[in-house]
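These are my notebook entries on one structure. I set down what I looked up, in the order in which I looked.

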Amino acid sequence: MVLRRLLRKRWVLGVVFGLSLIYFLTSTFKQEERTIRDRTLLQALDPDHRIVWKVRFNLGNSSRQISRCRNSIQGRLLVTDELGYVCERKDLQVNGCCNSNAPSSRQYSCKTCLPNGCCSVYEYCVSCCVQPNKRQILERFLNRAAVGFQNLFTAVEDHFELCLAKCRTSSQSVQHENTYRDPTAKYCYGENPPELLPI
């Protein structure tokens, strides 16, 4: 009886071990296949190859009729809408658009932005970025940074979404993974990250 129980326990342990080994080997082979496939795709990319991005740049015509606006949402004091207006949160209309007649509203404002495209306030970064004349800068960035940022930027649908994503702080904004390259201008839409500052 004791021998039978001991054999049954070993049989169960053997089955568990066998299934665990099969799972481990399958997972390892799948990961290896993915790594080989990704490496092959990267090697196949011609350095001059341009990815076809989904971004649709609008013409920046603020006089177009629009019933609802998307906006930058998270700002405590300021908000930027998709027409490029920055306004105080109290001047945000129920349709999500800034009241363009409010004293606080400014379209395509680069108020806190430096010449390199880095700004100290997120909402001004987005507003400056959606200017129609920033299209070439953004297209150059998308085509140069295609491999490294493909997952992040291929999901955006248009100019406004691209600016929302681009102005968020990212690994390009930090050094040593814990400090901003430029703590006063950490939101960037430009092609190049801020200069590294001495610690």
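**Entry 1: Contacts of one cysteine**

I began with Cys 129, leaving aside residues up to four places away in sequence, and found that Cys 129 touches Lys 134, Leu 138, His 159, Cys 163, Cys 167 and Tyr 189. I note that the model is a predicted one.

**Entry 2: Nonpolar cores**

I then looked up the largest nonpolar core, which has 23 residues. Cys 129 is among the residues with the most contacts inside this core, together with Tyr 122, Cys 125, Val 126, Cys 163, Cys 167 and Tyr 189. I recorded that helix 2, helix 3 and helix 5 are the elements that give two or more residues to this core. I also found a second, separate core of six residues, including Leu 83, Tyr 85, Cys 97 and Cys 98. I recall that nonpolar side chains tend to be buried together in soluble globular proteins.

**Entry 3: Helix 2**

How many residues of helix 2 are buried? I found that eight of its eight residues, 122–129, are buried, and the helix is mostly covered. Glu 123 and Ser 127 are among these buried residues.

**Entry 4: Helix 3 against helix 5**

I next examined helix 3 (residues 135–144) and helix 5 (residues 159–167), which pack at an angle of about 65° with axes 12 Å apart. Helix 3 is therefore roughly perpendicular to helix 5. The crossing of helix 3 past helix 5 is left-handed.

I listed the residues that meet: Leu 138, Phe 141 and Leu 142 from helix 3, and His 159, Leu 162, Cys 163 and Lys 166 from helix 5. By class, this contact has five nonpolar residues, one polar and one charged.

Methods
Residues numbered from 1 in each chain as written. Predicted model: local features only at pLDDT ≥ 70, side-chain atom pairs only at ≥ 80, totals over all residues. Heavy atoms only, no water. Buried < 20%, exposed > 50% of the residue type's maximum accessible area, 1.4 Å probe, protein only. Helix = DSSP H or I, 4+ residues; strand = E, 2+ residues; numbered from the N terminus. Axes fitted to C-alpha atoms, helices over the stretch in contact; angles between N-to-C directions. Parallel < 35°, antiparallel > 145°, perpendicular 65-115°, else oblique. Left-handed = near helix turned anticlockwise from the far one by under 90°. Contact = heavy atoms within 4.5 Å. Nonpolar A, V, L, I, M, F, W, Y, C, P; charged D, E, K, R; others polar. Core = buried A, V, L, I, M, F, W, Y, C linked by side-chain atoms within 4.5 Å.
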